[in-house]
Amino acid sequence: MVDFDTAAAAVQDPNADPVFLAKIAYENPEFGANVVANPRAYPGLKRWVAQFGDERARQQLVDQLRAGNTAGLKELRVHGDRREARDR
């Protein structure tokens, strides 16, 4: 597991390695919203976090989409209580 301080620093780094962000999202799900907010989070990672992350992470993605920051995503569909992001 990525230690807390390393994860906290990486999710705030605009030049973070996208693969490392994915590792953080997987191993430290409490950082999901921060991972989604990072400009280096790629569409597939955002989609994964939307599907498997917590509500705070999904809300961060919804807020980005509403603000027009789609970053490769064209929509976030709601399926029951789950949201699913789709690539462009």
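Modeller: One definition to start: helices are DSSP runs of H or I with at least four residues, strands are runs of E with at least two, and both are numbered from the N terminus. Keep in mind that this is a predicted model. By that definition the protein has five helices and two strands, in the order α-α-α-α-α-β-β.

Biologist: Where does that put Asn 28?

Modeller: Asn 28 sits in the loop between α2 (18-27) and α3 (32-37).

Biologist: Why is Asn 28 called buried?

Modeller: The cut-off for buried is under 20% relative accessible area. Asn 28 has 2%, so it counts as buried. Leaving aside residues up to four places away in sequence, Asn 28 touches Met 1, Val 2 and Lys 23. For the whole protein, 39% of the 88 residues count as buried.

Biologist: Lys 23 turns up there. What makes its pairing with Glu 27 a salt bridge?

Modeller: The test is a side-chain nitrogen of Lys or Arg within 4 Å of a carboxyl oxygen of Asp or Glu. For Lys 23 and Glu 27 the N to O distance is 3.1 Å, so the pair passes. Both residues lie in helix α2, four residues apart, about one turn of the helix.

Biologist: How many salt bridges does a search of the whole structure find?

Modeller: Two. Besides the Lys 23 and Glu 27 pair, Glu 55 and Arg 58 meet at 3.5 Å, N to O, which is within the 4 Å limit. Glu 55 is partly exposed at 38%, whereas Arg 58 counts as buried at 12%.

Biologist: What else does the side chain of Arg 58 reach?

Modeller: The backbone oxygen of Gly 53, at 2.3 Å. A polar contact needs N or O atoms within 3.5 Å.

Biologist: Which residues of α5 are buried, and what makes you say they line one face?

Modeller: They are Ala 57, Arg 58, Leu 61, Val 62, Gln 64 and Leu 65. Seen down the axis of α5, these buried residues fall within an arc of 160 degrees, so they line one face of the helix.

Biologist: Take Leu 61. Why is it called buried?

Modeller: Leu 61 has 1% relative accessibility, and the limit is under 20%, so it counts as buried. Its C-alpha atom is 7.7 Å from that of Ala 33, which is 28 residues away along the chain.

Biologist: And what follows α5?

Modeller: Gly 68, whose phi is positive, near 85 degrees.

Methods. Residues numbered from 1 in each chain as written. Predicted model: local features only at pLDDT ≥ 70, side-chain atom pairs only at ≥ 80, totals over all residues. Heavy atoms only, no water. Buried < 20%, exposed > 50% of the residue type's maximum accessible area, 1.4 Å probe, protein only. Contact = heavy atoms within 4.5 Å. Polar contact = N/O pair within 3.5 Å; in protein donor to acceptor, adjacent residues only side chain to side chain. Arc of directions from axis to C-beta.
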